[in-house]
Amino acid sequence: MKEKNNIDRREFLKRIGIGTAAVSVATLTGCDSKQNPVTGNLTATTEIPTDKMTYRNNPKTGEKVSILGYGMMRLPSVDGRSAREGGNDSIDQEMVNRLVDYALEHGVNYFDTSPAYCKGQSEHATGIALSRHPRDKYFIATKLSNFAPSTWSREASLAMYHNSLKELQTDHIDYMLLHGIGMGSDGPAEFKARYIDNGVLDFLVSEREAGRIRNLGFSYHGDISVFDDLLSKHDIYKWDFVQIQLNYLDWHHAKEINPRNTDAEYLYGELEKRGIPAIIMEPLLGGRLSKLPDNIVARLKQREPERSVASWAFRFAGSKPGVLTVLSGMTFMEHLQDNLRSFCPLTPLSEDDEKFLYSTADLMMQFPTIPCNDCKYCMPCPYGLDIPAILLHYNKCINEGNVQESQQAENYREARRAFLVGYDRSVPKLRQANHCIGCNQCAPHCPQGIKIPEELHRIDNFVEQLKQGTL
């Protein structure tokens with residue numbers, strides 16, 4: 001396995017049959033430039049119809065739900081970044097209003113938020129934006145995000161639920177989720193403490209019966225025993241939907257990325273057997289499937305030059321018939337517009353397309369990247385480290401071929417400089433990996449099961465070797 005993960009980049013290109021000239025495109029992330037090697041020409045040259053959104057029927061209510069759902073966890077901040085990032089954390093409400101208006105105009109009617117998103121500001125901003133429109137024009141999804149033990153009491157959990165109704169300016173929740181099921185180190189015990197012992201799940205079921213919750217489900221993260229147990233109780237709780245992580249990399253490789261995870265093929269299959277609609281999160285795996293290595297970009301562009309790289313991931317998730325909606329956390333208008341082009345209407349993948357993506361995923365697994373999705377559940381670090389930025393810079397350099405194992409590598413000098421200069425630009429010196437003391441307060445909160453202190457120490461050792469020229 002180690003030998004496979006350390007495959008030489010040139011050898012990798014040979015194996016997939018793409019010469020270096022074909023992969024000279026940069027790994028760009030913009031969404032609005034013609035001839036952009038990542039997004040393709042459709043983004044720049046085609047109008048977005050307002051009447052072509054693909055919808056899926058909710059089997060319980062018969063309501064039509066847009067296949068593209070708006071994830072409200074990466075809302076724009078006033079400093080031009082996502083409100084999940086550092087800097088000025090205030091949400092740009094005017095921009096949120098514009099994005100919501102545009103999404104509704106183009107057929108999006110599912111909006112997913114949480115008390116935990118954008119440092120507690122997402123529900124409030126979502127409520128302001130949506131309440132400007134007729135209530136029957138959209139569906140609101142939110143969560144009981146009672147992660148901390150201090151919020152596990154019945155009183156605290158119910159207070160969170162009632163506050164969600166207040167912040168969202170509504171008298172009912174269309175899709176209510178138990179949030180982050182199976183994320184903790186002891187999934188079954190944590191679920192019991194959060195929802196069973198305190199009677200909170202019984203309360204939510206009664207709220208569904210009263211009509212204040214229209215659909216009740218849960219979002220699954222990690223512990224398969226909890227997932228299987230909850231599905232075995234489907235006759236009792238009658239889950240209306242379940243939210244799972246699904247993308248073409250996780251379909252067969254989730255356990256290779258993180259032993260705690262379960263391949264998406266199994267999760268989706270278990271829901272499909274029971275007729276439970278799936279809500280899809282992480283279709284881009286935290287953005288990783290839109291920021292691919294240049295040789296993978298070239299592989300996708302050779303097959304469909306006009307489409308964006310991200311559209312492959314969205315169409316993969318949307319092509320599954322048991323999927324009700326595919327969530328995307330969209331910060332900027334160009335993100336929204338590119339996604340709308342994938343779903344207005346959705347052109348489902350063919351069987352050959354899916355096989356092509358599975359083989360692409362196999363090739364991607366040869367890159368030893370760290371499975372960080374930039375969720376920031378590991379933050380804040382008590383010692384000030386910017387953990388996601390450190391891991392993501394390392395991944396970026398691997399994807400761009402700027403991590404070399406020895407000075408004998410052909411482009412060692414260029415790669416060394418690119419890594420070190422980029423590291424200082426991406427992560428302030430006082431927040432870099434050398435300040436990690438190994439307290440391990442971060443790792444238990446990581447949905448991907450990353451052994452964060454170990455990875456930080458490995459990266460710090462790599463950086464020191466680069467600086468000293470001892471690799």
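Predicted model: local features only at pLDDT ≥ 70, side-chain atom pairs only at ≥ 80, totals over all residues.
Phenylalanine 139 has a relative accessible area of 11% and counts as buried, because the cut-off is under 20%. Tyrosine 175 is buried too, at 1%.

Phenylalanine 419 and phenylalanine 462 make another edge-to-face pair, at 5.1 Å centre to centre and 75° between the planes. Here the link runs between helix α18, which holds phenylalanine 419, and helix α19, which holds phenylalanine 462, 43 residues apart. Both of these phenylalanines are buried.

Some rings come as a group: Phe218, Tyr220, Phe227, Tyr237 and Trp239 form one aromatic cluster. Others carry a charge over the face. Arginine 303 lies over phenylalanine 356, 4.6 Å from the ring centre, while the charged end of lysine 320 sits 4.1 Å from the ring centre of tryptophan 251.

The largest has a volume of about 120 Å³, and Tyr220 from the aromatic cluster is among the residues that line it, as are Asp250, Met281 and Pro447. Its lining is made up of five nonpolar, six polar and one charged residues. The second largest cavity holds about 90 Å³. It is lined by 14 residues, with Cys372, Cys375, Cys378, Cys446 and Ile450 the closest to its centre; by class, the lining has ten nonpolar, two polar and two charged residues.

How values were computed:
Residues numbered from 1 in each chain as written. Heavy atoms only, no water. 1 Å grid on protein atoms, 1.4 Å probe; cavity = no way out; pocket = protein on both sides within 12 Å on 5 of 7 lines; lining within 4 Å. Points joined across faces, edges and corners; volume = space filled by probe spheres on them. Nonpolar A, V, L, I, M, F, W, Y, C, P; charged D, E, K, R; others polar. Buried < 20%, exposed > 50% of the residue type's maximum accessible area, 1.4 Å probe, protein only. Phe/Tyr/Trp six-rings, centres within 6.5 Å; stacked < 30°, edge-to-face > 60°. Helix = DSSP H or I, 4+ residues; strand = E, 2+ residues; numbered from the N terminus. Lys NZ or Arg CZ within 6 Å of the ring centre and 35° of its normal.
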